[in-house]
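Thanks for sending this one over. Here are my notes from a read-through, in the order I'd discuss them.

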Amino acid sequence: MRVAMISEHASPLAALGGIDAGGQNLHVAELSAALTRLGHETTVYTRRDDPDLPEVVRAPQGYDVVHVEAGPAKFVPKDELLPYMGEFGDVLRRHWTRERPDVAHAHFWMSGLATLLATRDLGVPFVQTFHALGVVKHRYQGSADTSPSERLAVERLLCRTADRIVATCTDEVFELVRMGISRNRVSVVPCGVDLSTFSPTGPVADRGQEHRVVTVGRLVPRKGVDTAISALARVSDTELVVAGGPRQEDLKRDREVRRLLAHAKRLGVRDRVSFLGQVSRADMPALLRSADAVVCTPWYEPFGIVPLEAMACGVPVIASAVGGLVDTVVDGVTGTLVPPRDPAALAQAMRSCVNDPVCREEFGTAGRDRAECRYSWDRVASETVRGYERVVPVDLGEHRTAGERR
């Protein structure tokens with residue numbers, strides 16, 4: 001099958017942990033690699049954000065990345081990219097008129113808009129993964145939500161027009177049904193984890209205090225790092241290591257880092273909180289293995305890849321009971337679920353975990369087993385292909401027209 005992946009702001013080649021570079025980048029990269037391993041010809045289309053990038057790059061895993069000319073060839077925050085989606089869609093349409101994919105899989109709502117514009121009258125089946133829904137983001141962020149005002153209307157349009165929606169968790173399905181989409185048009189396919197890279201065996205990063213908890217992710221308020229710092233004030237002999245955000249040399253200039261450091265100082269735990277900045281994928285497993293527990297405390301989370309990586313490393317996870325984390329973390333089996341934005345509950349879970357080596361071992365073993373059984377990227381890719389086959393039956397080799405599809 002010839003698969004077109006559209007990821008307008010999240011390039012699979014980007015360094016993770018920076019501005020607008022996180023789980024979606026990794027998801028697109030790993031899914032594309034797994035589809036390629038399964039024998040599918042996969043091409044990722046992402047916006048050119050650097051004038052020196054070549055038009056096409058062959059990733060080491062065998063898929064192609066096409067840099068699309070849409071807007072200025074420089075970094076633009078994703079919430080400012082909407083005006084360029086018409087241009088993005090025009091480029092896609094020209095590419096697909098010459099070489100038609102069997103299916104176009106859009107990641108994020110703006111990619112969906114560009115894909116919708118490109119596939120009109122071409123008869124290319126269109127699959128949508130939102131990764132995050134605007135209605136959920138606005139619910140939790142309110143006036144701090146910087147999404148374009150058109151987002152909610154565009155997402156409703158995509159729900160009506162996409163041939164299939166691939167949701168990453170059951171919580172997202174409930175949101176989609178509330179938006180009016182029929183449940184039988186939705187497949188639930190989780191994110192995955194690289195089980196060979198993230199494993200219980202291998203190097204372990206050095207640590208300072210008797211106990212260590214680690215949190216990983218982009219440094220934005222909704223990730224709840226301040227909740228983890230507040231909880232740390234109630235847990236003794238434990239350090240908190242924060243990975244993600246800008247490069248280490250740029251940490252002192254980052255507004256969110258300054259806010260979090262001030263918060264730690266007010267609570268008297270500044271000496272037990274460390275910010276690493278961006279951590280390479282190669283170094284991430286050793287960091288996770290060094291933790292007694294990995295803490296993930298967002299206000300909301302469409303899926304969350306870090307808990308999977310921790311589980312694959314055999315490390316317990318303490319997570320907010322929100323979104324996709326409820327699917328991933330089995331409370332009392334692979335870790336502990338706590339209410340979001342509740343430092344007292346988080347502190348209690350942290351104390352129970354770091355002070356009980358038997359509990360840590362049981363959670364870690366169960367987490368690794370769950371990661372192996374449910375979350376390998378090859379399994380995720382196979383389930384994704386089954387979603388594709390609902391709109392483009394591979395065995396028939398037929399391409400339906402837009403009128404037949406919608």
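1. Ground rules. This is a predicted model, so to speak, with local features needing pLDDT of at least 70 and side-chain atom pairs counting only at pLDDT 80 or more, while totals for chains, interfaces and linings use all residues. Residues are numbered from 1 along each chain as its sequence is written, and side-chain values use heavy atoms, with hydrogens and water left out.

2. Confidence. The protein chain averages a pLDDT of 92, and 95% of the residues score at least 70; pLDDT is the predictor's confidence in each residue, from 0 to 100. Residues 396-406 are a stretch to treat separately: pLDDT is below 50 there, and the model gives this stretch 24 contacts beyond near neighbours in sequence. Contact here means heavy atoms within 4.5 Å.

3. The eight-stranded sheet. This one is open, has mixed pairing and runs in the order E3-E4-E2-E1-E5-E6-E7-E8. Strands (E, at least two residues) and helices (H or I, at least four) are DSSP runs, numbered from the N terminus, and two strands pair if DSSP finds at least two bridges between them. Strand E3 (56-58) and strand E8 (186-188) are the edges; each has a single partner strand, so one side of each is left without a neighbour in the sheet. On average, neighbouring strands of this sheet are turned by 25 degrees against each other, direction ignored. Angles run from 0 to 180 degrees between N-to-C directions, with axes as lines fitted to C-alpha atoms, for helices over the stretch in contact. Within the sheet, strand E2 (residues 41-47) and strand E4 (residues 64-68) run parallel and are joined by five bridges, with tyrosine 45 opposite valine 66 in E4.

4. The six-stranded sheet. Also an open sheet, with parallel pairing and the order E11-E10-E9-E12-E13-E14. Its edges are E11 and strand E14 (335-338), each with a single partner strand, so one side of each lacks a neighbour in the sheet.

5. Strand E10. Which residues of E10 point one way, and which the other? Thr238, Leu240 and Val242 take one side and Glu239, Val241 and Ala243 the other, and all are buried. Buried means under 20% relative accessible area, exposed over 50%, and partly exposed in between (1.4 Å probe, protein chains only). Six of the six residues of E10 (residues 238-243) are buried, so the strand is largely enclosed by the rest of the structure.

6. Neighbours of E10. Strand E9 (residues 211-216) runs parallel to E10 and is joined to it by six bridges, and threonine 215 sits opposite valine 242 in E10. The chain gets from E9 to E10 through helix H7 (residues 225-232), in a right-handed β-α-β crossover. Right-handed means that, with the strands pointing away from the viewer, the path from the first strand over the helix to the second runs clockwise. H7 lies across E10, E11 and strand E12 (293-296), at about 170 degrees to E10. Four bridges join E10 to strand E11 (residues 273-277), again parallel, and leucine 240 has valine 273 as its bridge partner in E11. Helix H8 (residues 255-266) carries the chain from E10 to E11, and this β-α-β crossover is right-handed.

7. Cores. A nonpolar core is a set of buried Ala, Val, Leu, Ile, Met, Phe, Trp, Tyr and Cys residues joined through side-chain atoms within 4.5 Å. The largest has 57 residues, with Leu35, Val193, Leu288, Val294 and Tyr388 making the most contacts inside it. Helix H1 (residues 23-37) gives the largest share, seven residues. Leaving out residues up to four places away in sequence, tyrosine 388 touches Met1, Val3, Met5, Leu35, Val103, His105 and Val127. A second, separate core of 41 residues includes Val68, Ala104, Phe130 and Val186.

8. Loop residues. Aspartate 121, in the loop between helix H3 (109-119) and strand E6 (126-129), has a positive phi near 70 degrees and is exposed at 69% relative accessible area. Aspartate 237 lies in the loop between H7 and E10; its phi is also positive, about 55 degrees, and at 42% relative accessibility it counts as partly exposed. Most residues other than glycine have a negative phi.

9. Proline 203. This residue is in the loop between E8 and E9 and is exposed, at 59% relative accessibility. Beyond its neighbours within four places in sequence, proline 203 contacts Ala286 and Arg289. Its C-alpha atom is 7.9 Å from that of arginine 289, 86 residues apart along the chain.
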